[in-house]
Amino acid sequence: MLTDKSVAAGAGDLERVRRHYSESEQRFRALLETLPKVAVQGYDRDRRVIYWNSASTALYGYTPDEAQGGLLEDLIIPAEMRHGVIEAHRAWVQEGVEIPASELELKRKGGEPVAVFSHHVMLGEHTAEPLMFCVDVDLSDQKQARRDLDFLTRFDALTMLPNRQTYESQLDECLNHARRLGEVVAVAFVDISGFAEINDAEGYEQGDRLLVEVAHRLRGCQRASDLLSRFGADEFVMAFPHLGAEGDALCLVKKLLAAFHEPFDLGLGQVHVNLKIGISLYPDNGQSARDLIQSADVAKNRAKLASHQPYWFFEQGLHDELIHEYRMAERLQRALRDGEFCLHYQPQVAATSGRVENFEALLRWFPSEGGSVSPGEFIPVAERSNLIHRIGEWVIREACRQQADWKAKGLGECRIDINLSGKQVIQHDVFADLEACMKAYGLTARDIGIELTENVLIKADQQVLSTLRRLYHQGMKIAIDDFGTGYSSLSYLKEFPITALKIDRSFVRDAPEETSDRAIMAAMVFIGHQLGLEVIAEGVETEEQLELVREFGCDLVQGYYYFKPMSADDIGRLQCSLMAVRGQRPNH
């Protein structure tokens, strides 16, 4: 029998347990409320809300009063998930099948989607009143970051156009469709001419604005099925499906070009943009997106070389030429490394006396596998591949070395003239390199001269002209080579620091038969002499040509009539023989 004392003690223990439980529940609730980004909701066995913390309000938009007693599936579950959520809850309550934690896309009060990571806990699952708590973490920031990253991996952030990888995938799908229907697809590779200069003049911010405006204008030329992408800094690629023939592509390209006749207004002034476009066609120029884009790129590069035409269709010959040029550039690299180049020298002879006055240094290439390669074939490749700088440095060094060697042997009476290309002249260091090399070999302006084309001089900047004037006043001979074949302007002649004109061989060749060529030659000689310049006739091969250039009063003659280009050893022997005729003896 329980005493009053024991009953009182039991009642006290029960009260302490209740108080402890209440305190624990309060601490648990307080903990849940202090997790600002962790939304916790409690649901009874019928999925009605019994608990809703402040983070749930922030995440889903319902206040606790609004949510209390509401059904889970009515509050935050999208319609397409409703049946699955109800079944999952039933299976847990009745069969003990837990709901796994996972990423879900639920909905807010206003119906907007919200991404969460949801974890579920069941309390009292084996009782008549089980409670399910959902612990949800907001993944909106992470999801947005993923979307941003996904966008950046598939689209250009500046123009919002598909990037290269995305575009190639889209184009391959387009080609599959065209293959089934037997249609033609045109791919246009679009380059903004002079964009680097626009960037330099207007600044990068204005350059970016221009790219955005260009993209907008290109979009205006798109048909519904056309594809557009930004490939590089100033390059865009378009694809035109559902074509019947090449002529359809040309119409679209011309429409594209017409859209750029109007200038762009960037706020600080108008900017005119010219396009260069290369076009390839499916199925003739490639079977895949990558092949067609590459073919269009090749055609675009050819269009950039053609000043008279803004577009170019791909031809297999272009690709073959590109491969040939690439392999030629590789061979030129090896030629420099393995010493396959040499200089030949062609004498310049006084027209009246026949005396050898000067030599022109001419580059020759004799590959180790045999034969020779014409300068007309490899020099353009060297210029386009920028190898001309290294080759030009070798020419300067070798010509100076050879002249110093001849002078040491007492054979250095004749000047050696070196040809400088336009690309070398643009690189202002070429003159410093020339002077440094002359100084290293103990040479003066009497020993080395230079030849430039008139186009190089016309395009030269003030720094180049100032350097040429300084060399001119030091006594260096400066000749305009191939005179009459470029953009000649007689007013330039009095401005340039030059000492000689070399009349191009085409006039000399045709003058005996063509009265117009004779008249032009006579005029060039007259003007040259009036300006105090020496006049040299190139390409003199016959007695008739020689008599003609003598009649016109040319000072020097260069050509096969007297001498072909000769090796350094042959020139050395020639100089020895000439000295013997004059009663001189070389040094030994």
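Which helices each supply at least two residues of the lining of the largest cavity? The last view below has the answer. First, a word on the model: it is predicted, so local features need pLDDT of at least 70 and side-chain atom pairs count only at pLDDT 80 or more, while totals for chains, interfaces and linings use all residues. Residues are numbered from 1 along each chain as its sequence is written, and side-chain values use heavy atoms, with hydrogens and water left out.

View 1. Strands here are DSSP runs of E with at least two residues, helices are runs of H or I with at least four, and both are numbered from the N terminus. Two strands pair if DSSP finds at least two bridges between them. Look for Asp191, whose bridge partner in strand 8 is Glu235.

**View 2. Helix 7 (residues 164-181) meets helix 11.** Their axes come within 8 Å and cross at roughly 110°; axes are lines fitted to C-alpha atoms, for helices over the stretch in contact, and angles run from 0 to 180 degrees between N-to-C directions. The two helices are therefore roughly perpendicular to each other, a label for angles of 65 to 115 degrees. In the contact (heavy atoms within 4.5 Å), helix 7 brings Tyr167, Glu168, Leu171, Asp172 and Leu175, and helix 11 brings Ala289, Arg290, Leu292 and Ile293.

**View 3. The largest pocket, with about 890 Å³ of space.** Of its 34 lining residues, Glu360, Leu362, Pro375, Asn419 and Asp481 are the closest to the centre. A pocket is an open set of points on a 1 Å grid over the protein atoms alone, with protein on both sides within 12 Å along at least five of seven lines; a cavity is a set where a 1.4 Å probe fits but cannot get out, and lining residues have an atom within 4 Å of a point. Grid points are joined across faces, edges and corners, and a volume is the space filled by probe spheres set on the points.

**View 4. The largest cavity, with about 60 Å³ of space.** His389, Glu393, Ile396, Gln424, Gln427, Asp429, Val430 and Asp433 line this cavity. Helix 14 and helix 16 (429-440) each supply at least two residues of the lining.

Technical notes
Parallel < 35°, antiparallel > 145°, perpendicular 65-115°, else oblique.
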